[in-house]
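Take a look at the model below. This short report walks through a few of its helices and aromatic rings.

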Amino acid sequence: RRFTKRIHCMSNLSYEQRLNALGIQSLEYRRLFYDLVTMYKIVHNIFDIDRDSFIMLSDVSSTRNSTLKIFKPRVNASIRAKFICVRCINAWNFLPSSVRTASSIFNFKKQLKVCNLSSFLTVFKFQVPL
């Protein structure tokens, strides 16, 4: 927020107005977006890591929109709650099945951009239209 306020002629605008004028998303939104991209890479074994040590895919496949959903573990330590594989599970499971099963990272990002993720933003509940 401080950086956008330093831009000439924007110091009197609200943060949302500055983001709209610059055509950029809030830092919180960008973090969530790229957390979900990272989750896509983990779920689809694009990273060279043991997926099963990070996440547990839900085995329920008979319900609607259940493809590639992730089981959310109970978290006792607050530091564990901030781990990427815990903090963005709700947002991942919220995504439509067609987005979670996208054929490539490019298609995933393209479909993710049109999803309304504002309910997962805590500080600024708005998205700049792209």
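Start with one side chain and its neighbours. Leaving aside residues up to four places away in sequence, Arg18 touches Arg1, Thr4, Lys5, Met10 and Leu13. The model is a predicted one. Arg18 sits in helix α2, which covers residues 15-22.

Does Arg18 lie buried or exposed? Arg18 is buried, yet it has no salt bridge. The nearest side chain of opposite charge is Glu16, and that is 11 Å away. A salt bridge here would need a side-chain nitrogen of Lys or Arg within 4 Å of a carboxyl oxygen of Asp or Glu.

In general, an α-helix has 3.6 residues a turn, so residues three or four places apart point the same way. Just after α2 comes Gly23, with a positive phi of about 70°.

Next is helix α3, made of 17 residues, 27-43. From first C-alpha to last, α3 reaches 24 Å, close to the 24 Å expected at 1.5 Å a residue. The buried residues of α3 include Tyr29, Phe33, Leu36 and Tyr40. Which helices do the buried residues of α3 pack against? They pack against α4 (51-54), α6 (84-87), α7 (89-94), α8 (97-100) and α9 (105-113). Just after α3, Asn45 takes a positive phi of about 55°.

Finally, the rings. The structure holds 5 aromatic pairs. In one of them, the ring centres of Tyr40 and Phe108 are 4.6 Å apart and the planes are at 25°, so the pair is stacked. This pair links distant parts of the chain: Tyr40 is in helix α3 and Phe108 in helix α9, 68 residues apart. Phe94 and Phe120 form an edge-to-face pair, with 5.2 Å from centre to centre and 65° between the planes. Phe94 lies in helix α7 and Phe120 in the segment after α9, so this pair too links distant parts of the chain, 26 residues apart.

| Residue | Relative accessible area | Class |
|---|---|---|
| Tyr40 | 2% | buried |
| Phe108 | 0% | buried |
| Phe94 | 42% | partly exposed |
| Phe120 | 26% | partly exposed |

Ring pairs also join Tyr29, Phe33 and Tyr34 into a cluster.

Key
Residues numbered from 1 in each chain as written. Predicted model: local features only at pLDDT ≥ 70, side-chain atom pairs only at ≥ 80, totals over all residues. Heavy atoms only, no water. Helix = DSSP H or I, 4+ residues; strand = E, 2+ residues; numbered from the N terminus. Expected span 1.5 Å × (residues − 1). Buried < 20%, exposed > 50% of the residue type's maximum accessible area, 1.4 Å probe, protein only. Contact = heavy atoms within 4.5 Å. Lys, Arg positive; Asp, Glu negative; His and termini not counted. Phe/Tyr/Trp six-rings, centres within 6.5 Å; stacked < 30°, edge-to-face > 60°.
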